Amino acid sequence: MLALINALGPVFMVLLLGLLLKRLTFPTAEFWPQLERLVYFFLFPAMLVSRLAVADFADLDVDRVLLAVFLLLSLMTLLVWLLKRWISRDGAEFTSVFQGALRFNTYVALASSAELFGSLGLALAAVIMALMIPLLNLLCVLMFAVYAGDQRLSITATLKTLASNPLILACLLGLLLNVSGIGLPGWSQPTLEILARAALPLGLLAVGVALNLNALRSAGGPLIFSSLLKLLLMPLLAMALSQLLGLNSQAQAVLVLFAAMPTATSAYILSRQLGGDAPLMAAVITAQTLVAMLTLPLMLYLNQLWFS
């Protein structure tokens, strides 16, 4: 347990540094949205390509990992839908609870995977993301279409968004370079490695800046339900599925890590654009990110005990 806390502690310290820099308005308020664009569209894709292009997938148990991801998201979606009448008062509120209960923070997930499991952990994380990101986006858009009254479902627009997602494209490119045998020839690998080293700390700073402590004043039952589902129930379900499918210890640990992640900061933008409860979404994001500093190492420790 202490080893997990020591490994994850620096990740959350950098995140809190971002929150402090936001409070100090340093360097400027306009700087941080541009930094997040740089990380999302350039630095993180570079990191994913650099890891996937040279990863040894023989040890990654890819088929069963992807099956576990699919089952995890399907069962969580069914559960949250069945609980709808008890965890939310209206459709807009439900969409925020749903996003809070299923989505994950990419920056924190990748930083934690790298800190805990090194290059193999990052490769596993990229494989998980390759299915999680498109499937979660489709599920979230579907929930907004059904429960946020004035929102019309646009399958075409959703598919276009997914097809242009830089993280998905980076995963596909990295996998293509890997299976084709091209890899990263010449200076491409050390160049991408330099960019990859910048991605994680800058991404974590951006997460800290995105936190909104004022939103916690409006916290209530939906926030608590969403956080319990995401930070406790989802990782426990991931442990059970991992055991059922016979995943190896590292694949199980990375899957549980993703399941125990706080929800994505981008969920607020989606909530605001598609008619969800944006103030509740801001509170859920902030509360889960802060509480995850305690629950994340706890879930990983429970997973170690379960697997052993």
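Gln99 lies in helix H5, residues 91-102. Helices here are DSSP runs of H or I with at least four residues, numbered from the N terminus. This is a predicted model, in which local features need pLDDT of at least 70, side-chain atom pairs count only at pLDDT 80 or more, and totals for chains, interfaces and linings use all residues. Residues are numbered from 1 along each chain as its sequence is written, and side-chain values use heavy atoms, with hydrogens and water left out.

Is Gln99 buried or exposed? Gln99 counts as buried, because its relative accessibility is 0%. The scale is simple: buried means under 20% relative accessible area, exposed over 50%, and partly exposed in between, with a 1.4 Å probe and protein chains only. The side chain of Gln99 has a polar partner. A polar contact of 2.7 Å joins Gln99 to the side chain of Arg103. Such a contact is a pair of N or O atoms within 3.5 Å; within protein, one must be able to donate a hydrogen and the other to accept it, and residues adjacent in sequence count only if both atoms are side-chain atoms. Beyond four places in sequence, Gln99 is in contact with Cys140, Phe144, Thr263, Ala267, Leu270, Ser271 and Met281. Contact means heavy atoms within 4.5 Å.

Move on to helix H6, residues 106-147, where Ser113 is placed. Ser113 has a relative accessible area of 0%, so this residue is buried. A polar atom of the Ser113 side chain lies 2.8 Å from the backbone oxygen of Ala109. With neighbours within four places left aside, Ser113 is in contact with Gly118, Gly121, Leu122, Ala125, Val254, Leu257 and Phe258.

Take Met132 as an example. Not counting residues up to four places away, Met132 touches Val69, Leu72, Leu73, Phe104, Met234 and Phe258.

Ser74 sits in helix H3, residues 62-82. Ser74 counts as partly exposed because its relative accessibility is 31%. Between Ser74 and Leu136 there are 62 residues of sequence separation and 9.8 Å in space, C-alpha to C-alpha.

Now the charged pairs. Side chains of opposite charge can pair when their charged atoms come close. How many salt bridges does a search of the whole structure find? The search finds three. The criterion is a side-chain nitrogen of Lys or Arg within 4 Å of a carboxyl oxygen of Asp or Glu.

Arg51 counts as buried because its relative accessibility is 16%. Glu193 has a relative accessible area of 21%, so Glu193 is partly exposed.

Another salt bridge joins the side chains of Arg64 and Asp61, at 3.1 Å from N to O. Arg64 is partly exposed, at 35% relative accessible area. The side chains of Arg89 and Glu93 also meet in a salt bridge, at 2.5 Å from N to O. Arg89 counts as exposed at 70% relative accessibility, whereas Glu93 counts as buried at 3%.

The surface has a nonpolar patch. Met1, Leu2, Ile5, Leu236, Leu298, Leu302, Leu305 and Trp306 make this patch of about 690 Å². Helix H1 (2-23) and helix H13 (278-307) are the elements that give two or more residues to it. H13 supplies the largest share, four residues. Patch residues have over 30% relative accessible area and no salt bridge; like charges are joined within 9 Å, and nonpolar side chains (Val, Leu, Ile, Met, Phe, Trp, Tyr) within 5 Å. Accessible areas come from the Shrake-Rupley method with a 1.4 Å probe; for residues, only the protein chains shown count as cover.

Leu2 is placed in helix H1. Its relative accessible area is 60%, so Leu2 is exposed. Val14 is also found in helix H1. Val14 counts as partly exposed, at 27% relative accessibility. Leaving aside neighbours within four places in sequence, Val14 is in contact with Pro201, Leu204 and Leu205. The C-alpha atoms of Val14 and Cys171 are separated by 26 Å, and these residues are 157 residues apart along the chain.
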